[in-house]
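Please look through the structure shown below.

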Amino acid sequence: MRRFIPAATLLLAACATAPRQPQPQPSSTITPSPHRQSDLLGMTANELVQRFGNPALQVREGASLKLQFRRRGCVLDAYLYAAPAGGVQRVAHVDTRWPTGADADQQSCISALQSP
């Protein structure tokens, strides 16, 4: 019987919950993401070429199009899709990175691509 009491105490202690920590309140200010989509969303392939020059890579997959622009160590991938009802393909997503694959700040990358 004496062995039962310490074993029962340990068993009950294992079921206890940890004390609740106060939850941080959400911030009312919005901090911009380093990967915000900028003003490239909605652009056509022709508009991208006018802005950045000819793409280094162009990949068609089904109804989608990926244009890749590279300059000064920055790589920008723009993914274009047509609206469900058809029509002109427009940029739906933009991804920027360094040649190593690490994420790059989108605005810095766009500036690097636009400079002569």
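How many helices and how many strands are there in the chain? The chain has 3 helices and 4 strands. The model is a predicted one. Followed along the sequence, these elements come in the pattern α-α-β-β-β-β-α. Of the 116 residues in the chain, 22% are buried. Among contacts between residues at least 6 apart in sequence, 44% join residues at least 24 apart.

The pairings can be taken one by one. Strand 1 and strand 2 run antiparallel and are joined by 5 bridges. Within this pairing, Gln58 stands opposite Leu67 in strand 2. The two strands form a hairpin with 2 residues between them, and Gly62 in the turn has a positive phi of about 65°. Strand 2 and strand 3 also run antiparallel, joined by 7 bridges. Here Leu65 has Leu80 in strand 3 as its bridge partner.

Strand 2 and strand 3 form a hairpin as well, with 2 residues between the strands. Arg72 is located in the loop between these two strands. Its phi is positive, about 50°, although Arg72 is not a glycine. Most residues other than glycine have a negative phi. Is Arg72 buried or exposed? With a relative accessible area of 53%, Arg72 is over the 50% cut-off and therefore counts as exposed.

Which residues of helix 3 are buried? In this helix, residues 106-114, the buried ones are Gln106, Cys109, Ile110, Ala112 and Leu113. They lie on the same side of helix 3, because they cover an arc of only 160° around the axis. An α-helix has 3.6 residues a turn, so residues three or four places apart point the same way.

The structure holds 1 disulfide, which joins Cys74 to Cys109 with an S to S distance of 1.5 Å. The link is left-handed, with -105° about the S-S bond. Cys74 lies in strand 3 and Cys109 in helix 3, so the pair ties together parts that are 35 residues apart in sequence. Cys74 and Cys109 are both buried.

A pair of aromatic rings is described by the distance of the centres and the angle of the planes. The structure holds 1 aromatic pair. The ring centres of Phe52 and Phe69 are 5.3 Å apart and the planes are at 50°, so the pair is tilted. Phe52 belongs to helix 2 and Phe69 to strand 2, so this pair ties together parts that are 17 residues apart in sequence. Phe52 counts as buried because its relative accessibility is 6%. Phe69 is buried too, with a relative accessible area of 2%.

What does Pro55 touch, leaving aside residues up to four places away in sequence? Its contacts are Val49, Leu67, Gln68 and Phe69. Pro55 sits in the loop between helix 2 and strand 1. From Pro55 to Gln68 the separation is 13 residues in sequence and 5.5 Å in space, C-alpha to C-alpha. Pro55 counts as partly exposed, with 23% relative accessibility.

Notes
Residues are numbered from 1 along each chain as its sequence is written. This is a predicted model: local features need pLDDT of at least 70, side-chain atom pairs count only at pLDDT 80 or more; totals for chains, interfaces and linings use all residues. Side-chain values use heavy atoms; hydrogens and water are left out. Buried means under 20% relative accessible area, exposed over 50%, partly exposed in between (1.4 Å probe, protein chains only). The arc is that of the directions from the helix axis to the C-beta atoms. Two strands pair if DSSP finds at least two bridges between them. A disulfide is a pair of cysteine sulfur atoms within 2.5 Å. Rings of Phe, Tyr and Trp (its six-membered ring) pair if their centres lie within 6.5 Å; planes under 30 degrees apart count as stacked, over 60 as edge-to-face and the rest as tilted. Contact means heavy atoms within 4.5 Å.
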